[in-house]
Amino acid sequence: MRFDAVIIGGGYAGCTVAGILSDAGLKVCVVSEGLSLAVSGSKTPYAAQAALQKHGVTVLRGDRAMGAKVQDGRVLGVETRNLGFGTILEADFYILATGKFFSRGLLSDKEHIWEPVFGADVEYSSDRTTWYDEDFSAPQPFMDFGVKTDASARVLVDGKALENLYAAGDIVAKGCKEANVTKLIEDYARRDK
Amino acid sequence: MTSKEYDVIIVGGGITGAATARDCALRGLSTLLIERGDICDGASGRNHGLLHSGARYAVTDREGAEECIRENRILRRIASNCVEPTEGLFISLPEDGLDYQANFIAKCREAGIDAQAIDPAEALRLEPAINPRIIGAVKVPDASVDPFRLVDAHILDAQRHGADIKKFTAVASLVKEGGRVVGVKTAAGEVIRSREVVLAAGIWTAGLAREAGVNIGMMPSKGALVIFGHRIANMVINRCRKPANADILVPGDVVSVLGTTSDKVPIETCDDMRATPAEVDLLLREGEQLVPSLAHTRIIRAYAGVRPLVVADPAGDGRNVSRGIVLLDHEERDGVPGLITITGGKLTTSRLMAQMATDLVCKKVGSSAVCRTADLPLPGSEGRKPSFEDPFVERAAIGRHGTEVSRMDFGKGGEILCECEHVTRAEIAYAVEHFGVRNISDLRRHTRIGMGTCQGSFCIRSVATALAEILSPDPRSAAKLSDEFVSQYRQERWKGITPVLWGDTLREAEYMQKVNGNEI
């Protein structure tokens, strides 16, 4: 299946980017893990879905990106749990918007934190005792962890940016937040048309 | 300010103090139990919840093993609502060999513990989660006990037999007149007189005694534990080897508790006990030998308590330490009449400890009343459990409070506020009325509110509001109180979550942060 853009994650970041890109006339696919889009409220998720679909966005609900095909610094395709049988989602570019720990955008064990779809570089320390503050109401260091990007919000893997993979929303490490993905993608979209 | 003179004042609202207060009250002594915080604030609320069969001690401590099995049988009878007769397994792994097992079974039987070797295949059929590499298994009458429920039941019974319970009242010092202890002075300056004072304050006993010029050499021994969010096994799982770290997994309600460690810690740290990430790592490394699936089971939190061990020789290096019951008659031992200490021992042997202390109190005050605590059932465990009108609303409350649910008004307060543990408004009102609950931590100890799998993530605001409304008639101060309860609760839970903050627990922590409004 071929799209202009594939967005992994159907939360606020993913839905917003999908809206902008489809508005700009791109053929967009959103992969969202929940049975409804991951925005709060009892009706909002369905309203958001209807609005996106009206703009021609393909929404794959209850599905999950399992891995990616990467070659020469470019993402060639993403596999999902439900499509299976070698079907991959192909696109000119991809947006990683899977959120942090709660939405499983980041996984962790006692010593490691990793991003499971692309194996992106994650900003964190391997010493677990630095992940938290003893005071619950203080800012928690783990809330700042996330994937590293370059200044154009392109995701780093092994220290090098993949040229067509961008990160948006909560999954971005605090130190890389200043890279504004929506603006960049919008420019990209206009240029392409 | 003076008040009436009691026959006996018991200092400490853990299981030892509560059981002693019950025994004293049942023997007709005028009794006061005084506790600086809420009941179960110390080791009684920070343990495994294991009703020992005595098997663990059979090889190393015959007397302790015999005490355990006798008391185990008594508590199953008098505290049926607090005990879940799960039974226990002692499993042998290849590296343990079977020599220990043969001796273990023989020693258990000598101590009167029914220990039955069973086929490893049968053990795996009974408990599929245990390590499949086992080469041997022994079935023993271990059980699971809810320590909060057990202490509550003792407190209720003591009260119903005339004892006074003063919580949130710290004892500043013991009052001495002419070399004799004649009562206690509270932190607020109130002097309360009694003929005998019994110290049952766990590790905090030594400090109180020192005030009165009595030296008890105590060694605080820290034990850390981890709670898993599932009932991984239905029996108590032990390792059949010399007792060591992290070799017992105990089921309790819908969770499992793995423990423990044993490390000498400075006495100053005992007021703020917390498990460390290093202790958690050690517990998991060892625990995975017992039950491999612990490696990827969701962890709820970790906590730690302090065993009040008594050093026979205070000048010694701590090796000569007994885990047995220690009853000190300070009149004979130190020439300080009016003062008795009961410490050491175990949750399992608490009734016996209370009996020993009360026997001595009776001797001192000239009473010949006999002990009846082994025969009279505790509140909540009297006869058959009541049937329920609405199983959805009442079943959990009956599980927790047994026959006591007759005092709860489900018609008026049937709304469930804590969904993990099914705690209703009626149960909260009951806890406030009967246990003098003042804050949300107290409420947790008496109802299990917020102790379930969500750890209060979903319910804590509505629970805090309900409690604040009962405690404070003024809506504005109730709202303020509710806010305090929420942040107090979050902070208290956070202490146990940080040492296990990875995997699913980290997922939930992010959610908690967002729900709490710290981020979003």
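Predicted model: local features only at pLDDT ≥ 70, side-chain atom pairs only at ≥ 80, totals over all residues.
**Entry 1: α15 of chain B**

I started with helix α15 of chain B, which covers residues 460-471. The helix has twelve residues. I compared its reach with the expected span: from first C-alpha to last it reaches 16 Å, close to the 16 Å expected at 1.5 Å a residue. I then looked up the buried residues of α15(B), which are B:I460, B:V463, B:A464, B:A466, B:L467 and B:A468. These buried residues pack against four elements of chain B, namely β22 (416-418), α13 (425-435), α14 (440-447) and α16 (475-497).

**Entry 2: α16 of chain B**

α16(B) has 23 residues, and its first and last C-alpha atoms are 33 Å apart, close to the 33 Å expected at 1.5 Å a residue. I listed its buried residues as B:L481, B:S482, B:F485, B:Y489, B:R490, B:R493, B:W494, B:G496 and B:I497. I note that two arginines, B:R490 and B:R493, are in that list. The partners of the buried residues of α16(B) are β18 (299-311), α14, α15 and α17 of chain B.

**Entry 3: B:Q513 in α17**

I picked B:Q513, which sits in helix α17 of chain B. Is B:Q513 buried or exposed? I find 21 other C-beta atoms within 10 Å of B:Q513, and the cut-off for buried is 20 or more, so B:Q513 is buried. I also checked B:Q513 against B:R490: they are 23 residues apart in sequence, and their C-alpha atoms are 9.8 Å apart in space. B:R490 is one of the buried residues of α16(B).

**Entry 4: contact between chains A and B**

I looked at how many residues each chain brings to the contact: 18 come from chain B and 16 from chain A. On the chain B side, α8 (277-290), α16 and α17 (503-515) each supply at least two residues. Which element of chain B gives the most to the side that touches chain A? It is α17(B), with seven residues. By class, I have seven nonpolar, six polar and five charged residues on this side of chain B.

**Entry 5: α1 and α10 of chain B**

I examined how helix α1 (residues 15-26) and helix α10 (residues 350-365) of chain B cross. Their axes come within 8 Å and cross at roughly 50 degrees. α1(B) and α10(B) are therefore oblique to each other. Their crossing is right-handed. From α1(B), the residues in contact are B:I15, B:T16, B:A19, B:T20, B:R22, B:D23 and B:C24. They meet B:S350, B:R351, B:M353, B:A354, B:Q355, B:A357, B:T358 and B:V361 of α10(B). I sorted the residues of this contact into seven nonpolar, five polar and three charged.

**Entry 6: backbone angles**

I went through backbone angles last. Most residues other than glycine have a negative phi, and most peptide bonds are trans.

The peptide bond from B:G259 to B:T260 is cis, with omega near -10 degrees. B:T260 lies in the loop between β16 (255-259) and β17 (263-264) of chain B.

B:D253 is not a glycine, yet its phi is positive, at about 45 degrees. I place B:D253 in the loop between β15 (248-252) and β16 of chain B. B:D253 has 17 C-beta neighbours inside 10 Å and so counts as partly exposed.

In chain A, A:R104 has a positive phi near 65 degrees. A:R104 is in the loop between β6 (88-96) and β7 (107-108) of chain A. I count A:R104 as partly exposed because it has 13 C-beta neighbours inside 10 Å.

Key:
Residues numbered from 1 in each chain as written. Chains lettered and ligands numbered in written order. Expected span 1.5 Å × (residues − 1). Buried ≥ 20, exposed ≤ 12 C-beta atoms within 10 Å, placed from the backbone. Contact = placed C-beta atoms within 7 Å. Nonpolar A, V, L, I, M, F, W, Y, C, P; charged D, E, K, R; others polar. Axes fitted to C-alpha atoms, helices over the stretch in contact; angles between N-to-C directions. Parallel < 35°, antiparallel > 145°, perpendicular 65-115°, else oblique. Left-handed = near helix turned anticlockwise from the far one by under 90°.
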